[in-house]
Amino acid sequence: MSILGHELITDRTVLRRLFAAAVETCHSGIVLVARIVRIRRDRARLDELPDYLLRDIGVGRSEIRSIIRFGRREHGEA
């Protein structure tokens, strides 16, 4: 057995940590893509609404982008 092969067998915790980091990185990327898709979908849905419905829910057409991305501030919050 080569030295490199022996190191891989005896140092499994490093490989496990590396594998866990790779899995976490992939998961974070998937979560990011899902958030981007949700933001675009929600924005398209609000863009389709007529102005009177947007007024009914208290949203101005110019606010759609920031509300979809960051949420809505309640009255009294800074």
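I sorted the lining of the largest pocket into 4 nonpolar, no polar and 6 charged residues. Here Ala, Val, Leu, Ile, Met, Phe, Trp, Tyr, Cys and Pro count as nonpolar, Asp, Glu, Lys and Arg as charged, and the others, Gly among them, as polar. I noted that this is a predicted model: local features need pLDDT of at least 70, side-chain atom pairs pLDDT 80 or more, while totals for chains, interfaces and linings use all residues. Residues are numbered from 1 along each chain as its sequence is written, and side-chain values use heavy atoms, without hydrogens and water.

I looked up which helix gives the most to this lining: α2, with 7 residues. Helices are DSSP runs (H or I, at least four residues), numbered from the N terminus.

Next I searched the whole structure for salt bridges and found 3. The term means a side-chain nitrogen of Lys or Arg within 4 Å of a carboxyl oxygen of Asp or Glu.

- Asp-42 pairs with Arg-38 at 3.4 Å, N to O. The two are 4 residues apart in helix α2, so about one helical turn separates them.
- Arg-41 also bridges to Asp-42, with the closest N and O atoms 3.2 Å apart.
- Arg-61 meets Asp-51 at 2.8 Å, N to O. Arg-61 lies in the loop between α3 (51-56) and α4, and Asp-51 in helix α3, so the pair ties together parts 10 residues apart in sequence.

Shared partners join Arg-38, Arg-41 and Asp-42 into one network of salt bridges.
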